[in-house]
Amino acid sequence: MTYTVYDDAITMKLIQEACKALGISMDAILKLFGEYFFKFCKMSGYDRMLRTLGGNLTEFIENLDALHSYLALSYQEMNAPSFRVEREADGKMLLHYYSDRSGLCHIVPGIIEAVAKDFFNTEVTMDILDVNEEEERTGKKEHVVFLIVQKSPRQLRRAKPNRLQGSQGIQRDQEALDTAFLRMKEKYLSVSVCLVKKSRWEVVRSMVMLGKGHLVNNFVPIYPKRLWIEEKTFCNAFPFHIVFDESLRVKQAGVNIQKYVPGLQTQKIRLNEYFSIVHPQVTFNIVSICKFINSQFVLKARREMMPDAWKIQPPLKLRGQMIWMESMRCMIYMCSPKLRRLQELEAHKMYLSDIAPHDTTRDLILLNQQRLSEIELSNQLERKKEELPVLSKHLTIEKKKTETLLYAMLPEHVANQLKEGKKVAAGEFKTCTILFSDVVTFTNICAACEPIQIVNMLNSMYSKFDRLTSVHEVYKVETIGDAYMVVGGVPVPTGSHAQRVANFALGMRISAKEVMNPVTGEPIQIRVGIHTGPVLAGVVGDKMPRYCLFGDTVNTASRMESHGLPNKVHLSPTTYRALENQGFEIIERGEIEVKGKGKMTTYFLIQNLNASEDEIMGRPQTLLDHKAEPGITIWHTALKKSSSWNPTARSPSASRQSHPPDAVRAPQQPAWSMLGNADLRGKLSSKRQTFLKL
């Protein structure tokens, strides 16, 4: 997450794992990371901002603190390091690195060397002279001193031909450089810590040479002999400035800083009585300020020194530059209020008019207000991005629920075509089997019961029937009142459509015995009619579309149901022919008068001779009752999984006679497997005999 602060412990763990994986030292990993981080900043849109920090490497480094201060407006919890460069006209340079995040100093050489090469076409080498804890700064801060050796592009071009002279010359140059560096480091470390701390660096500065060139340009400014501005005009033109001497006594202050810090109007006050230094974190004295003279200073007003009515307001913060005036032995602090947004301006009871027109702080507040809004939007987008996998998972679950509900209303291929916005063409099926059923005396039951009792009865019955449609793979077309309609062979054609619907009808008859009549308390009775023939099937309507069947086959199937008898499965002649010799017991009803059809010879379906009640109902299969031997159950499971098992197939030896409901039958079974439960219990009396026999 871009604007999330991660603990340095996570970074160090990543570095340690990278060291193990790559087989290189932590220092090398950090340096490589520094090089990549510079490239990453360029790719992230900071390329132009970085290029404009300075005209040379020294100016670039001196302005890094200012860049970090600007970025802190957006990344408010950023804990950036601080840099200080020591340089003179003869080309001496030391880089001081301060950070309260220890162990990350080796990133600096990677960044600086990449910047020098990319922006300034300069080759730079950096070595560590010293690592310690800076005593002058508040808290424990890591202070690392880097020696920077830099070559100009002309020196690089001049040095390239010499490299072709051979590896021996290169080796001698490298050895000489290493010897000089070691000698310089020994001299640096041998310098004792003096009471006046700046003298230590004065000794160091005399030891470091950065080639023949200078790190500054050749521009020479011209100054006037006297300052052509009066005191009052200066204090109004720069409303936020303070002049103080070496003892921190305030000599002069801008008009608006006096307005918001009234104590500055008092004579002979000390600056550190009213302000504390926030950045850089140095002790408040002239020596420390001079040492960090190139850094941006942030001062915060002390709340306890404010008037009582102002103590509830947030303390005023100033951000600006310290400039040493040698002739007057005074320091001038040119600053502006440190404000990030309009809300902070209002909290301090300030106005944009309090800031000088030439001060870019006015523009910064307005621009940053817009930028903070964009950052908040970016944070929201990243949070939503993190939530996307979870939302996608929930969406998949909800989509599955929706599809399950949709597929319960329409055939899957039809539903998919409708989801794609396609028209579903009607299809002709040359042969299928349709079933209708209703509840006997349903009208009388409705008249004698409460509506909720009817709903509960139908719900119980239809739930059982719906389960059977999955067991026998038939398609439920619709329910109207107490009428229930299914079809086999539509929408997916199959050759066994008649057998499937017949087994479904037998299951309906068994299930109906489990549903009680709310009037009598006895099991309800149903009538079932089945007919086989051609149909036309398709989707009709735009709202609540239904998959409907059309044709005379539908009418005939309905007539079979309406002319049937209670608890009987009434078959038309075409259905009888489809089920003949398929292992079903069927008896002839005789010739009856059918409305709209004339005289027809119809039949009653009694049972499936090759399937037990458990198989018809789709219950867990066991050969015997709850006392069955384990060996028997194993044999039955294996038999069912064999390729010859088919509950609807007719055995060559099967007859139209009734068999025990729990007996197992399959084509071409051995004679001993056709025995009833009593014979099996007699012959297989123990587990050992069971396993031996099987």
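Which residue in strand 9 is the bridge partner of Lys300? In strand 9, that partner is Lys317.

1. Before going further, a word on the source: this is a predicted model, in which local features need pLDDT of at least 70, side-chain atom pairs count only at pLDDT 80 or more, and totals for chains, interfaces and linings use all residues. Residues are numbered from 1 along each chain as its sequence is written, and side-chain values use heavy atoms, leaving out hydrogens and water.

2. Strand 8 (residues 296-301) and strand 9 (residues 317-325) run antiparallel and are joined by five bridges. Both belong to an open sheet of six strands, ordered 6-5-10-9-8-7 with antiparallel pairing (strands are DSSP runs of E, at least two residues, and helices runs of H or I, at least four, numbered from the N terminus; a pair needs at least two DSSP bridges). Strand 6 (250-253) and strand 7 (275-279) are the edge strands, each pairing on one side only.

3. Helix 5 (residues 107-119) is mostly covered, with 10 of its 13 residues buried (under 20% relative accessible area, 1.4 Å probe, protein chains only). Among the buried ones are Ile112, Val115 and Phe119. Asn121, with a positive phi near 50°, follows helix 5.

4. The axes of helix 17 (residues 451-472) and helix 18 (residues 497-512) come within 10 Å and cross at roughly 150° (lines fitted to C-alpha atoms over the stretch in contact, with angles from 0 to 180 degrees between N-to-C directions). Helix 17 is therefore roughly antiparallel to helix 18 (over 145 degrees). Residues meeting there, with heavy atoms within 4.5 Å, include Phe465 and Leu468 in helix 17 and Phe504 and Met508 in helix 18.

Terms used
Buried < 20%, exposed > 50% of the residue type's maximum accessible area, 1.4 Å probe, protein only. Parallel < 35°, antiparallel > 145°, perpendicular 65-115°, else oblique.
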